[in-house]
Amino acid sequence: MIGDIGETKECHLKDPMDLFHSGQVVKICAPMVRYSKLAFRTLVRKYNCDLCYTPMIVAADFVRSAKARDSEFTTNKGDHPLIVQFAAKEAQVLCDAARIICPYANGIDLNCGCPQRWAISEGYGACLINKPELVKDMVRHVRSQIDNPKFSVSVKIRIHEDLKRTVDLCQKAEAAGVSWITVHGRSIEERHQPVHYDAIKIIKQSMSIPIVANGDIKTLKDAENVHHLTEADGIMVARGLLANPAMFAGYEETPFQCIQDWVDIALEHGTPFACFHHHLMYMMERITSKQEKKVFNVLSSTSAVLDYLNDHYGV
């Protein structure tokens, strides 16, 4: 029986598979373009997030260019456990990227869920759910070429209209040695339609590896409900954590301490202004009036933001 999702573990387990076998639901920060970078991961880890993903990185660029590696990936000692998500369509390229990242992260994740047109036209992301043999081949290659048995290889997928195809994809990935699978409970075409949690439950019941549920989880209560609906071993959250990075610690809205923590962490990491400001806009969405938003959202420098926070909130 999985324990209550709101409970905090006694110690921070550094191996993701230990987390999945801990008897607790694993609380996960999703890969988010531009947003799930080191500073934000540092913040959510302070508020009961167990496992963090980097934003998606195109494996071919990462392998080819030192400049891409420097700009796309930063980490530090406290940034664990960490999963680096790659977009890839060739097994050897994914292996090469995994080999570079292996000393600095706990595992890689293959993106088979991104529905954006550019990704699909390049052969990345969600189009891979229609290529189960290729996904199987990529997982198997990484498994055979990375010496560290604790280095995880996971995949993140969307579902097919015909769920039998999704179950087949998952079972092929499992046979190839995938560590766990994250299921976003929508098809490639679906954007804001309700999430098919029943589909995630069917996938969970068809597999013997951990399954992570993803899609429309905005509060800790939502996370608990989705866990009960799907029986998933982990819950992955994207926009819910952007709006409230303290969500996994049980806060209904972003507490002022969390805003203070973000300011401290972002300044310490030298976070670019646009990113620093955007995160605050998300965090303060529910706690500011329309009038306040009009003023805050057009501030154009770090010093202006700091003055505003100090004057209005004592932050």
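Which residues does UniProt list for "domain: DUS-like FMN-binding"? The unreviewed entry lists residues 29-292. UniProt positions follow the numbering used here, feature names are shortened, and annotations may be inferred rather than shown by experiment. The model is predicted: local features need pLDDT of at least 70, side-chain atom pairs count only at pLDDT 80 or more, and totals for chains, interfaces and linings use all residues. Residues are numbered from 1 along each chain as its sequence is written, and side-chain values use heavy atoms, with hydrogens and water left out.

Over residues 29-292 the chain is 45% helix and 14% strand. The end C-alpha atoms of this stretch are 28 Å apart. Helices (H or I, at least four residues) and strands (E, at least two) are DSSP runs, numbered from the N terminus.

The unreviewed UniProt entry places the feature "active site" at Cys-114. Cys-114 sits in the loop between β5 (107-112) and α6 (117-121). Cys-114 has 11% relative accessibility and therefore counts as buried. Buried means under 20% relative accessible area, exposed over 50%, and partly exposed in between (1.4 Å probe, protein chains only). Neighbours within four places in sequence aside, Cys-114 is in contact with Met-56, Ala-119, Ile-120, Gly-125 and Ala-126. Contact means heavy atoms within 4.5 Å.

Helix packing was examined next. Two packed helices are described by the angle between their axes and the distance between the axes. Axes are lines fitted to C-alpha atoms, for helices over the stretch in contact, and angles run from 0 to 180 degrees between N-to-C directions.

The axes of α7 (residues 132-145) and α8 (residues 163-176) come within 8 Å and cross at roughly 20°. The two helices are therefore roughly parallel. Angles under 35 degrees count as roughly parallel, over 145 as roughly antiparallel, 65 to 115 as roughly perpendicular and the rest as oblique. The crossing of α7 and α8 is right-handed. A crossing is left-handed if the near helix is turned anticlockwise from the far one by less than a right angle, and right-handed if clockwise. From α7, Pro-132, Glu-133, Val-135, Lys-136, Val-139, Arg-140 and Arg-143 take part. They meet Asp-168, Leu-169, Lys-172, Ala-173 and Ala-176 of α8. The residues of this contact of α7 with α8 are six nonpolar, no polar and six charged. Here Ala, Val, Leu, Ile, Met, Phe, Trp, Tyr, Cys and Pro count as nonpolar, Asp, Glu, Lys and Arg as charged, and the others, Gly among them, as polar.

Helix α15 (residues 302-313) packs on α12 (residues 256-269), with axes within 13 Å and crossing at roughly 155°. This angle makes α12 roughly antiparallel to α15. The crossing is left-handed. Phe-256, Ile-259, Val-263 and Leu-267 of α12 meet Thr-302, Leu-306, Leu-309 and Tyr-313 of α15. Seven residues of this contact are nonpolar, one is polar and none is charged.

Val-263 of α12 is buried, with a relative accessible area of 6%. Beyond residues up to four places away in sequence, Val-263 touches Phe-276, Leu-306, Leu-309 and Val-315. The C-alpha atoms of Val-263 and Val-178 are separated by 38 Å, and the two residues lie 85 residues apart along the chain.

The axes of α13 (residues 273-284) and α15 come within 10 Å and cross at roughly 25°. This makes α13 roughly parallel to α15. Their crossing is left-handed. Phe-273, Phe-276, His-277, Leu-280 and Met-284 of α13 contact Thr-302, Val-305, Leu-306, Leu-309 and Tyr-313 of α15. The contact has eight nonpolar, two polar and no charged residues.
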